Amino acid sequence: MSSSSPPWFVPLNPESATPVYVQVAQGLAARIEAGAIERGSALPAERDLASALGVSRVTVRQGLALLAQRGLLTRRHGSGTFVNPPSQAASAPRSLGLLTGFSEDVRSRGGTPGARVLAFECARPTPQEAMTLALSPTDGVYRVRRLRTADGEPLAVEESTLPAATVGPLTEEDVTDASLYALLRARGLSPVRGVRHLRAVNADRQLARWLGVPTGAALLATERVSWTVGGRPVEHARAHYRGDRSDFVMELHGEDGT
């Protein structure tokens with residue numbers, strides 16, 4: 001990018017195996033996280049971005065949609081696309097133990113955590129995983145789905161996607177009845193920064209069966225992206241918690257930090 005280029009300009013490689021809209025998303029995300037694009041600022045209109053980058057509006061729209069899913073952008077109908085302010089968790093490096101890994105949280109309450117593997121695979125990333133974890137479509141990821149328990153009682157279904165080249169060799173046995181955060185720490189990949197999104201959902205038939213609740217029961221769905229101290233994305237995690245057995249506590253601060 002030349003010194004005269006606007007901060008949102010993203011160089012694209014049409015020869016790359018990475019889809020162009022993912023390149024757009026990855027480039028804009030890197031500019032936002034580096035501070036080149038100011039938090040709270042507005043991006044140009046889709047047609048202007050498309051014209052400047054030499055791509056179609058559909059390509060730009062797909063890239064912006066990925067960033068909105070990640071929580072970096074807010075798209076307001078009739079107003080434009082805005083870069084979200086950093087959350088408290090994203091702005092200050094801190095141990096994700098404070099965001100609470102499942103095993104650490106259960107032990108802190110005097111319980112015994114468990115993790116039964118429901119699915120384990122090494123595969124290619126989806127477009128959203130590639131963007132979130134800064135990967136190309138030909139890179140490998142581990143996908144791990146586990147039933148998390150406390151003293152044998154099912155509490156959550158967790159799905160974690162990890163970049164294979166970063167994490168190194170991983171087997172199903174490595175993640176059975178084990179803390180994923182402890183495994184990452186042991187490999188020098190301690191997560192120190194994360195962003196978590198929460199929403200309420202109802203249990204479908206499969207989740208209800210795993211969690212031992214009626215179909216349609218209230219669940220708390222979370223999605224989290226975690227980074228190492230060097231800013232390397234190390235985990236994209238999704239989870240469904242039983243609404244009748246889970247609670248989350250958040251510390252809030254005013255604008256002056258008090």
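What percentage of the 258 residues of the protein count as buried?

## Overall composition

The share of the 258 residues that count as buried is 43%. The structure is a predicted model. Its secondary structure consists of 9 helices and 8 strands.

Among contacts in the protein with a separation of 6 or more, 59% are between residues 24 or more positions apart.

## Helix 1 and helix 3

Two packed helices are described by the angle between their axes and the distance between the axes. For helix 1 and helix 3, the axes come within 8 Å and the crossing angle is roughly 50°. The crossing of helix 1 and helix 3 is right-handed.

On the side of helix 1, the contact is made by V20, Y21, V22, A25, L28, A29 and E33. On the side of helix 3, the residues are T59, Q62, G63, L64, L66, L67 and R70. By class, this contact has 9 nonpolar, 3 polar and 2 charged residues.

## Helix 2 and helix 3

Helix 3 (residues 57-70) also packs with helix 2 (residues 46-53): their axes come within 8 Å and cross at roughly 110°. Helix 2 is therefore roughly perpendicular to helix 3. This crossing is right-handed.

The residues of helix 2 in the contact are E46, R47, L49 and A50, and they meet R57, V60, R61 and L64 of helix 3. The contact of helix 2 with helix 3 has 4 nonpolar and 4 charged residues, with no polar ones. L64 is named in the contact with helix 2 and is also listed in the contact with helix 1.

Q26 is a residue of helix 1. Because its relative accessibility is 21%, Q26 counts as partly exposed; the cut-off for buried is under 20%. Leaving aside neighbours within four places in sequence, Q26 is in contact with T18, A130, M131, A134 and L135. Q26 and A130 are 104 residues apart along the chain, and their C-alpha atoms are separated by 8.6 Å.

A134, one of the residues that Q26 contacts, is found in the loop between helix 6 (127-132) and strand 4 (141-150). A134 has a relative accessibility of 56% and so counts as exposed. Its phi is positive, at about 55°, although A134 is not a glycine.

Most residues other than glycine have a negative phi. D177 is not a glycine, yet it has a positive phi of about 50°. D177 lies in the loop between helix 7 (164-167) and helix 8 (180-186). With a relative accessible area of 58%, D177 is exposed.

Where is R39 placed? R39 is in the loop between helix 1 (20-34) and helix 2. At 32% relative accessibility, R39 counts as partly exposed. R39 and V83 are 44 residues apart along the chain, and their C-alpha atoms are separated by 5.3 Å.

C122 belongs to strand 3 (residues 113-123). Not counting residues up to four places away in sequence, C122 touches V141, Y142 and A164. C122 and P163 are 41 residues apart in sequence, with a C-alpha to C-alpha distance of 9.5 Å.

H240 is in strand 8 (residues 233-242). Is H240 buried or exposed? Its relative accessibility is 18%, so H240 counts as buried. Not counting residues up to four places away in sequence, H240 touches L155, A156, V157, V201, L207, L211, L219, L220 and A221.

Note on methods
Residues are numbered from 1 along each chain as its sequence is written. This is a predicted model: local features need pLDDT of at least 70, side-chain atom pairs count only at pLDDT 80 or more; totals for chains, interfaces and linings use all residues. Side-chain values use heavy atoms; hydrogens and water are left out. Axes are lines fitted to C-alpha atoms, for helices over the stretch in contact, and angles run from 0 to 180 degrees between N-to-C directions. Helices (H or I, at least four residues) and strands (E, at least two) are DSSP runs, numbered from the N terminus. Angles under 35 degrees count as roughly parallel, over 145 as roughly antiparallel, 65 to 115 as roughly perpendicular and the rest as oblique. A crossing is left-handed if the near helix is turned anticlockwise from the far one by less than a right angle, and right-handed if clockwise. Contact means heavy atoms within 4.5 Å. Ala, Val, Leu, Ile, Met, Phe, Trp, Tyr, Cys and Pro count as nonpolar, Asp, Glu, Lys and Arg as charged, and the others, Gly among them, as polar. Buried means under 20% relative accessible area, exposed over 50%, partly exposed in between (1.4 Å probe, protein chains only).
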